[in-house]
Amino acid sequence: MLEKIKRWILANIFRKHYYRTGKCKGCGECCTHIYVKHFKHVLQDEKEFERLQGLFGFYKGLKIIGKDDLGLIFECTHLDSETKRCKIHFFRPPICRRYPQEELFAMGGTLSDNCGFKMEPIIPFKDVLKSVEKKDKRKKIIRW
Ligand code: SF4
Ligand code: SF4
């Protein structure tokens, strides 16, 4: 019941399409090879990144490790490279606490194969199909 209410709120109030299940396995993969979306664009410009580092705490911990067609690629300096654990876990930024969110997909991203989280559609595909078929049937009834 509680799960149903949660889904309803996510879909109808927050206009979300996915909800998060599972839990973090602490593999650290989402803290390396990171693309960062700032408002509506993925960061591509080093100068812009340097400017943002002075404004937001999260950016201060990032280090540029490359660049490709999508944008700058970062890794987080707070990740312990041996244990793969976050060194500031209890004080990690909100963006890390909320990870993963469905905006990830809008950027063309995916979850790592190892990730313990899954992003499940709030309305199962079979229900979407059923509702489309129902609408289609209604249209036909009106036409005939
Ligand atoms: S602050 Fe911690 S959780 Fe966030 S990206 Fe860095 S290592 Fe990962
Ligand atoms: S990739 Fe997934 S399981 Fe691994 S640290 Fe990130 S959130 Fe946790």
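Colleague: Among contacts in the protein between residues at least 6 apart in sequence, what percentage joins residues at least 24 apart?

Modeller: Two residues are in contact here if their C-beta atoms, placed from the backbone, lie within 7 Å. Take the contacts between residues at least 6 apart in sequence, and the part joining residues at least 24 apart comes to 64%.

Colleague: What pLDDT do local features need?

Modeller: First the bookkeeping: residues are numbered from 1 along each chain as its sequence is written, while chains are lettered from A and ligands numbered from 1 in the order in which they are written. pLDDT is the predictor's confidence in each residue, from 0 to 100. This is a predicted model, in which totals for chains, interfaces and linings use all residues, side-chain atom pairs count only at pLDDT 80 or more, and local features need a pLDDT of at least 70.

Colleague: And which element has the lowest mean pLDDT?

Modeller: The protein averages 85, and 88% of its residues score at least 70. Elements are DSSP runs numbered from the N terminus, helices (H or I) of at least four residues and strands (E) of at least two, and there are six helices and six strands. S4 has the highest mean at 96, while the lowest, 66, belongs to helix H6 (residues 125-143).

Colleague: Why is isoleucine 73 counted as partly exposed?

Modeller: Isoleucine 73 sits in S5, on the uncovered face with Glu75, whereas Leu72, Phe74 and Cys76 make up the covered one. A residue is buried with 20 or more other C-beta atoms, placed from the backbone, within 10 Å of its own, exposed with 12 or fewer, and partly exposed in between. Isoleucine 73 falls in that middle class because its C-beta neighbours inside 10 Å number 17.

Colleague: How far is isoleucine 73 from histidine 33 in space, C-alpha to C-alpha?

Modeller: Histidine 33 belongs to the loop between S1 and S2 and has a positive phi, near 50 degrees, without being a glycine. Beyond its neighbours within four places in sequence, isoleucine 73 has contacts that include His33, Tyr35 and Ile65. Histidine 33 and isoleucine 73 are 40 residues apart in sequence, yet their C-alpha separation is 5.6 Å.

Colleague: Which residue takes a positive phi in the hairpin of S4 and S5?

Modeller: Strands pair if DSSP finds at least two bridges between them, and S4 (residues 62-67) runs antiparallel to S5 over five bridges. Within that pairing, lysine 63 stands opposite glutamate 75. The hairpin has four residues between its strands, and the one with a positive phi, near 160 degrees, is glycine 71.

Colleague: Now the ligands. How many residues around ligand 2 are charged?

Modeller: A residue belongs to such a shell if its C-beta atom, placed from the backbone, lies within 6 Å of the ligand. Ligand 2 has 13 of them, the closest being Cys24, Lys25, Cys27, Cys30 and Cys115. Ala, Val, Leu, Ile, Met, Phe, Trp, Tyr, Cys and Pro count as nonpolar, Asp, Glu, Lys and Arg as charged, and the others, Gly among them, as polar. On that basis the shell holds six nonpolar residues and five polar ones, with the charged ones numbering two.

Colleague: Is lysine 25 buried or exposed?

Modeller: Lysine 25 lies in the loop between S1 (18-22) and S2 (37-38). Leaving out neighbours within four places in sequence, lysine 25 contacts Asn114 and Gly116, and its C-alpha is 8.4 Å from that of phenylalanine 117. With 12 other C-beta atoms within 10 Å, lysine 25 is exposed.

Colleague: How many of the residues around ligand 1 are nonpolar?

Modeller: That shell is made of Cys31, Gly61, Cys76, His78, Leu79, Cys86, Ile88, Arg92 and Cys96. Two count as polar and one as charged, and the nonpolar ones number six.

Colleague: Last one: what is the omega of the peptide bond from tyrosine 99 to proline 100?

Modeller: Proline 100 is in the loop between H4 (94-97) and H5 (103-106). Most peptide bonds are trans. The bond from tyrosine 99 to proline 100 is cis, with omega near -5 degrees.
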